[in-house]
Amino acid sequence: MFNFLNTAVLAAAAAALLPFLLHLFSKRKVKIVPFSSIAYLKAMQKNQVRAIKIKQLLLLVLRTLIILAVVLAFARPATTGGYLGSHASVSAVIVIDNSASMGYAAANGLYFELAIRKARSLLEMFGPEDEIAVLATNGILSTPATERAFGNTSAANDVLDDITLTDSRANLTESVTLAKELLDGSSNLNRELYIISDFQQSSLTSENKAKDVEARTYLVDVTEGNIANNGIIDVDLGNRLIEVGTEFPLTTTIKTFASDSREDILVSLYIDGRRMSQDGIRLNAGESGQIVFPVTVSNPGFHSGSIELSDDDLLADNVRYFSFFIPDNFNILIVGNSGVDARLTELALAPDEKLRRHWSVTKITYQQLASARLNEYDVVYLINDASLASGDVNRLKNYVRNGGGLFVNVGREADSAAFNSQLSEMLGVSLTSEFPKQFSRSGFFQLSQLDLEHPILSVFSDDANAGTLSFKSYAIVKSQLNSENPARILGRFSDGSPAITVNKFGRGRTMYMGCDLNPDISDITLHPFFVPFLVRSSEFLSSGFSAATDNITTGESVRRTPGRDFNVKNEFTLIEPDSTRRIVTAQVLDDVKAIDCGRLDKAGIYRIMNGTTESDRLAVNIPVEEGDLYRADWENLEAQFNASRMPQTTNLASFVSEQRFGRELWQYFILVAILLMVLEMIVARDKGAPLSEE
């Protein structure tokens with residue numbers, strides 16, 4: 001059985017009566033004329049008269065059937081089973097994937113360009129009574145611009161004109177959820193959802209609600225052929241302070257995601273717009289490898305650069321940006337009451353005015369901490385920590401959370417209850433005892449088991465006596481690691497309790513040292529180890545200010561704490577990679593300034609200006625997952641979305657029409673009409689056998 005999609009044409013079927021009417025009205029009244037001879041009448045045989053009548057009847061039937069076949073073809077007959085009536089209106093949502101991976105260059109153009117062309121082809125199938133909404137997976141068009149997101153085909157085409165390829169990651173699950181909300185609020189009962197994408201596995205989350213969409217769903221594929229792609233997945237400047245004129249290693253990791261052959265890849269390093277070095281690497285399919293570039297920078301201040309690969313079919317992940325800052329003058333704050341331990345720390349970091357390296361050291365007491373402007377310092381040392389005022393604790397937490405470095409030395413003045421409530425969260429260590437009020441020098445705890453693989457202590461790994469490094473302490477305060485956010489142990493006391501630890505808190509770093517620095521209690525300050533240890537600790541704690549420690553990806557909303565140069569009276573301006581400028585808001589809380597940059601959707605280098613002074617520079621990269629073009633098999637995708645797949649070569653109009661109305665059969669009726677016309681011509685040309693002359 002079948003129905004008709006253009007029932008109005010069926011009225012023309014009445015034209016099939018025309019051959020019968022013409023036949024009836026063309027009969028003439030017979031006039032009898034007497035003949036003197038009946039020779040001709042005898043010659044006419046009865047079978048010849050019968051043949052003529054059959055021929056006329058056959059032509060009559062053929063001509064009638066030709067008209068009927070043509071009329072039925074124009075009425076667009078279709079098999080039953082479609083879900084849409086011929087005049088039913090449709091509410092449809094078209095989701096366009098405009099993530100970075102859609103920049104893949106196929107034979108017929110970029111995946112994104114193919115997606116836009118397919119979307120325009122889909123719009124041609126809708127009528128004036130239908131309503132369509134177009135969404136993008138990223139950018140301002142990833143959510144409806146107005147309360148009424150639906151419009152006609154002209155409005156939908158205008159939206160397509162505004163969608164651009166982005167550097168961000170697609171989240172098809174979020175897009176489908178939004179499409180569901182739009183369709184649930186639509187007025188039409190007939191609903192359709194079209195998803196045009198390369199369907200990366202990474203763009204789908206485990207909580208996929210696509211099956212909950214009450215609409216006919218189509219997966220429109222834009223991929224074609226085999227995919228080969230190389231990408232940069234990491235750039236590492238190392239956990240160390242970068243100094244002017246000092247060489248440091250820059251390590252980049254490259255991966256071949258999907259390729260059947262061994263790839264020769266050319267890798268270039270650019271810093272401040274100049275190509276500094278170039279190297280090559282050869283990788284098999286699915287393999288990753290590293291290249292280490294030696295880098296030296298001659299000027300302090302902000303610097304930025306990129307690692308770039310030779311071109312392939314996806315350019316977006318062939319470049320990865322980085323930024324770093326080399327301080328002209330590095331500031332350290334030592335907080336400690338009058339005593340030999342604080343003085344020894346100051347001398348270790350700045351033994352002489354001429355030997356102060358690249359930093360300056362300021363020493364204050366705990367009573368002066370409340371008036372200290374923490375944002376002016378790169379590292380804060382709390383020597384022989386005691387109980388702090390609650391306001392000082394909050395300021396220190398904000399300072400570290402926003403990128404500062406904190407070194408806490410716990411000694412004879414330790415208050416375990418105050419330490420655990422005030423500093424334990426940042427340090428990842430809790431105290432389990434008080435410092436003994438009395439102790440004997442007849443026994444001691446040994447500080448040893450140093451982790452020489454950590455950047456702070458790695459400088460000692462080449463020492464022939466590194467394995468025997470140990471220090472005596474006649475009294476200690478015992479500690480243990482926290483269950484949440486535990487610190488990393490760099491050294492232990494002989495009783496097993498942590499002696500030196502490091503931890504990450506927010507964007508900053510912290511260190512704990514449970515050893516009193518007074519030479520009457522410990523011999524660590526008398527050992528040549530002490531000075532390079534504090535220097536390396538300062539470098540490590542401050543590297544958040546001088547190296548690219550943040551991995552910012554497109555699509556993130558970013559808050560930054562820029563460098564020390566800060567004028568609250570000046571506006572902050574964010575300069576984007578394409579030189580676009582916009583004003584950003586800044587807040588000062590507990591001496592820590594935070595700048596709300598908003599959502600950053602472009603990959604590249606961003607600069608934050610405070611008036612005419614550059615206060616910060618940050619690198620934003622596309623998500624690494626965008627380079628992984630792996631897609632789950634179509635059977636799983638169709639089950640996951642409860643949808644029908646449209647392959648890249650599919651005629652969209654025919655496919656959707658068949659789904660809506662059933663399979664159209666007009667082509668067969670046209671063929672039947674042609675065959676009938678050929679048969680009619682053959683029959684009409686047959687004049688029959690001649691009459692006998694006898």
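In which helix is Met681 found? Met681 sits in helix H14, residues 666-685, where helices (H or I, at least four residues) and strands (E, at least two) are DSSP runs numbered from the N terminus. This is a predicted model, so local features need pLDDT of at least 70, side-chain atom pairs count only at pLDDT 80 or more, and totals for chains, interfaces and linings use all residues. Residues are numbered from 1 along each chain as its sequence is written, and side-chain values use heavy atoms, with hydrogens and water left out.

**Met681 and Leu526**
- Met681 counts as partly exposed because its relative accessibility is 49%; buried means under 20% relative accessible area, exposed over 50%, and partly exposed in between (1.4 Å probe, protein chains only).
- Leu526 counts as exposed because its relative accessibility is 61%.
- You can find Leu526 in the loop between strand E26 (508-513) and helix H11 (530-546).
- Leu526 and Leu344 are 182 residues apart in sequence, and their C-alpha atoms are 9.8 Å apart in space.

**Helix H6**
- Helix H6 (residues 172-184) has 13 residues and reaches 18 Å from its first C-alpha to its last, close to the expected 18 Å; the expected span is 1.5 Å times one less than the number of residues.
- Among the buried residues of H6 are Leu172, Val176, Ala179 and Leu183.
- An α-helix has 3.6 residues a turn, so residues three or four places apart point the same way.
- The cover over the buried residues of H6 includes strands E3 (90-96), E6 (131-136) and E7 (190-197) and helix H12 (634-641), with contact meaning heavy atoms within 4.5 Å.
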